[in-house]
Amino acid sequence: MAQPDSKKIFFENLSGAGKAIAVLTSGGDAQGMNAAVRAVVRMGLYVGAKVYFIHEGYQGMVDGGENIKEATWESVSSMLQVGGTVIGSARCKEFRSHEGRLKAAHNLVQHGITNLCVIGGDGSLTGANLFREEWSGLLTELVEQGSIEADAVQKYSALHIVGMVGSIDNDFCGTDMTIGTDSALHRIIEVVDAIMTTAQSHQRTFVLEVMGRHCGYLALVSALACGADWVLIPEMPPEDGWEDKMCQKLSANRAGMKRLNIIIVAEGAIDHKNKPITTDYVKDLVVKCLGFDTRVTILGHVQRGGTPSAFDRILASRMGVEAVLALLETTANTPACVVSLCGNQSVRLPLMECVQMTQEVQKAMDEKRFEEAVKLRGRSFENNLKTYKLLAHRKPESELPTSNFNVAVLNVGAPAAGMNAAVRSAVRVGISEGHKMFAVSDGFEGFYKGQIKEIKWADVGGWTGQGGSLLGTKRTLPAKYVDKIAEQMRENNINALLIIGGFEAFESLLQLCEARAAYEEFCIPMCMLPATISNNVPGTDLSIGADTALNAIVETCDRIKQSASGTKRRVFIIETMGGYCGYLASVGGLAAGADAAYIYEEPFDIRDLQANVEHLTEKMKTSIQRGLVLRNENCSENYTTDFIYQLYSEEGRGVFDSRKNVLGHMQQGGAPSPFDRNFGTKISAKAMQWITKKLVESFRKDEGRVFANTEDTCCLLGMRRRALVFQPVVQLKGDTDFVHRIPKEQWWLKLRPLMKILAKYKTSYDVSDSGQLEHVVRNRPRESDASVAM
């Protein structure tokens, strides 16, 4: 894959020599902070800088002494999978005073530190910026006191700050996702899924309180992810009379044979008069009005705890490396920046622009300008809210538009977690748009056999958290049965088609598009949503199901590595799925802290294998006790998992022993992750709105039928860098390697050097996407409300 060379940096050119970088975590802890600390330390050491831990946040900076310690490569081993922050975090009143910051400056100068990487919330980052602005004055004051030499003012003239946002609340403007949010959603959804089983047994209503004093992101997204009946968040106080409306909805759901109700309340939920809405108030209301058996569960600090998710580990690792690069490139005039996530890309934004907008949100809420507060939260939050309203609250039949269009939805290819959430979303949005929705069982095999039936709003209740494919899915392609499928389309008067699946779905849509020349039945709007654990569909950076598979791989790798704790040195060879696509092996390797990942896209030979063994042998002799090597199932015809296992066993004899594991179909099973539930829900809703638009545009009134045969009416909806984009499938043919069923260019290959750097290999690292300081945009283009980050 061709890469721009102008900004490609190599180990020899990445110089941090003579620089000292300190990393601290401040404010509340969040899962993934340790992954960020690890990335900062290892990337800093990689470029030749000295790196220091500042323990206990700003308190440690003020107190100095043993709180500021030089970091080594080994000091961040085995911390990737640990929740919280191992270097400690504390809120520090003293740092808010001038005297406290003077002490902190003195302690930093004593260690020659002029580069700070701060991981925390908006308060921590604001404090860091103030410290930076006062820096030269503080040094002058220290010289006057005789605490430091006069030449230190010139030597340490500027303090450089780069921030990363670590907060489970996702309440910081300028980034689509903060470190810790995805893991907190995992904790919430684990609890909700467990509660649902007991609630269903006893026909109970559960009221759950989740964190979010000033931001309702966790409550809103978890409500979307579990299909909650009602959600209460601070940005959207319910209208007067909400109590009656909520009870009516709960009652209607029970009447529709639903055995349980879930209500999610953010801890900062308020009504229009700024009066707090508590879980006890909601419980008493339901008991009084409906007499339902109702229980309250307050999740509390469970949400902050536990192992970081794969998403948070990858996000934190990418941000940590980007933060070091930002520090290396800063000058005295560079403003303090924060490393953010926009869509699927790391960006740098001026720290204070982000802080000011975050404060504007709170100000808008205090002044009861709630609609403005929602908009200031960003397109992602606004889109989540719109999607929730669309799916959770069914309009009365009298209020629904009557389009008289029939839309069919089907799954094609291997099952992927999140498919059911996408189907539920499509069905409910389609009904809200006035369409009649049809479900096709067993993919195109069921289609040509006539396994087509209408599907109603209530039929998809509870589908969001279900793994696999409830519609049934097959790998059968339509070309062989195109005449029978056309006949079924005609008999059922299908006016549009939504296909959810992997590479087979992409091939199917191409075949249907080609069949338009012979069959007018296929001259209708058709859209495909990528859903495959392999993430091998062209036209999209991410697919529904891949995040769930990554989490399964990472959790298993954690357990496998832990199994060797306290034993002699051991290396694990682990085989992942993915066909010829190395996404799971590479990104799973980055999230699990692998030493190597063998994939088809990056050819290797026996010399590479030997170099990896020698590298691991050297590390085993000096520091680490456990090694992890991932292998994609089709990376090489000859270098099989058995071969690599035997090679490592033989060459590592006397230093380490080896074990092998083939993860198999466990990567395909299980309940979908919060990310996949929401990604599937949101892109499916967007696809249905696109279908509605195309149906209206292509309807011929004089003939009383839909006719659409242009390229732009047969599209794949995919995430491309910062936006969700509808792309004609015929235009994606040239981007596809059909023999190996992978795209010709894959964005995640740029992450492989990052994995190697963090595993102590010398390699090149492409920073062609880095280095540009951007500005906070209040209203991004509408497509980027995609926000891959849920």
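Q: Where does the charged end of Lys275 sit?
A: Over the ring of Tyr281, 5.9 Å from its centre. Keep in mind that this is a predicted model. To read such a feature, look for a Lys NZ or Arg CZ within 6 Å of a ring centre. There's another case here: Arg254 lies over the face of Phe292, at 4.3 Å from the ring centre.

Q: What about rings with rings: how many aromatic pairs are there in the whole structure?
A: A search turns up 19. To sort a pair, check the angle between the planes: under 30 degrees is stacked, over 60 is edge-to-face. Take Tyr448 and Tyr481: their planes are at 10 degrees and their centres 3.9 Å apart, so they're stacked. Tyr448 belongs to helix α15, while Tyr481 is in the loop between β16 and α16, 33 residues apart. Tyr448 is buried, at 17% relative accessible area.

Q: And which kind of pair do Phe503 and Phe738 make?
A: Edge-to-face, because the planes are at 70 degrees, with the centres 6.0 Å apart. Phe503 is in helix α17 and Phe738 in the loop between β27 and β28, so the pair ties together parts 235 residues apart in sequence. Phe503 is buried at 1% relative accessibility, whereas Phe738 is partly exposed at 32%.

Q: Which residues do ring pairs link into a cluster?
A: Tyr58, Phe95, Phe131 and Trp135.

Q: Back to lysines: is Lys694 buried or exposed?
A: Under 20% relative accessible area is the cut-off for buried. Lys694 has 10%, so it counts as buried. Lys694 is part of helix α22 and, leaving out residues up to four places away in sequence, touches Pro525, Asp712 and Thr713.

Technical notes: Residues are numbered from 1 along each chain as its sequence is written. This is a predicted model: local features need pLDDT of at least 70, side-chain atom pairs count only at pLDDT 80 or more; totals for chains, interfaces and linings use all residues. Side-chain values use heavy atoms; hydrogens and water are left out. Helices (H or I, at least four residues) and strands (E, at least two) are DSSP runs, numbered from the N terminus. Buried means under 20% relative accessible area, exposed over 50%, partly exposed in between (1.4 Å probe, protein chains only). Contact means heavy atoms within 4.5 Å. Rings of Phe, Tyr and Trp (its six-membered ring) pair if their centres lie within 6.5 Å; planes under 30 degrees apart count as stacked, over 60 as edge-to-face and the rest as tilted. A charge sits over a ring if NZ of Lys or CZ of Arg is within 6 Å of the ring centre and within 35 degrees of the ring normal.
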